[in-house]
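Please consult the sequence and structure shown next.

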Amino acid sequence: MQDLDPGVMLAVFLEMMGIWFWILGALALAGLTGFSWIIVRERGLSSGRLVRSQAFALLAGAAALVLMAHVTKSGFTDAGGPIDWLLIVAIFAGGWIGGTILIYALAGWWRFMPGRERLTALIPRLRPQLRA
């Protein structure tokens, strides 16, 4: 393979990932659209929401690693050289960054959801019951 053909790369990703390719593509598109909409609507980033999104996105990075292990049908013990470990770190970082964007967008949209007040009002009522 002398050159990098986008059609060949698409075929390889479709063969490896199957339906996950389209699911992750739709999630990425929805996350970027929602993130852009929130940034424009609020005229900037909310630092508190961004930090919380980054913390929760650690789970998205771990999920990316689990998906990678499932798709490639190999484990982390099969990583042989430094390039394999760099690829593992890159996959975790991609999942973490994508998760941060998606979670930030969902948290920003939460403010505009109808019925949010009723759901938020239920949460303090449930806390005393959970402690008992």
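**Basis**

Helices are DSSP runs of H or I with at least four residues, numbered from the N terminus. The model is predicted: local features need pLDDT of at least 70 and side-chain atom pairs count only at pLDDT 80 or more, while totals for chains, interfaces and linings use all residues. Residues are numbered from 1 along each chain as its sequence is written, and side-chain values use heavy atoms, without hydrogens or water.

**Largest pocket**

The largest pocket holds about 770 Å³ of space. A pocket is an open set of points on a 1 Å grid over the protein atoms alone, where a 1.4 Å probe fits, with protein on both sides within 12 Å along at least five of seven lines; lining residues have an atom within 4 Å of a point. The volume is the space filled by probe spheres set on the points, which are joined across faces, edges and corners.

Of the 27 lining residues, Leu24, Ala64, Leu67, Gly94 and Gly95 are closest to the pocket centre. Helix 2 contributes the most to this lining, with nine residues. By class, the lining has 20 nonpolar, seven polar and no charged residues; Ala, Val, Leu, Ile, Met, Phe, Trp, Tyr, Cys and Pro count as nonpolar, Asp, Glu, Lys and Arg as charged, and the others, Gly among them, as polar.

**Packing of helix 2 and helix 4**

Helix 2 (residues 19-42) packs against helix 4 (residues 82-110) at an angle of about 50 degrees, with their axes 8 Å apart. Axes are lines fitted to C-alpha atoms over the stretch in contact, and angles run from 0 to 180 degrees between N-to-C directions.

Conventions. Helix = DSSP H or I, 4+ residues; strand = E, 2+ residues; numbered from the N terminus.
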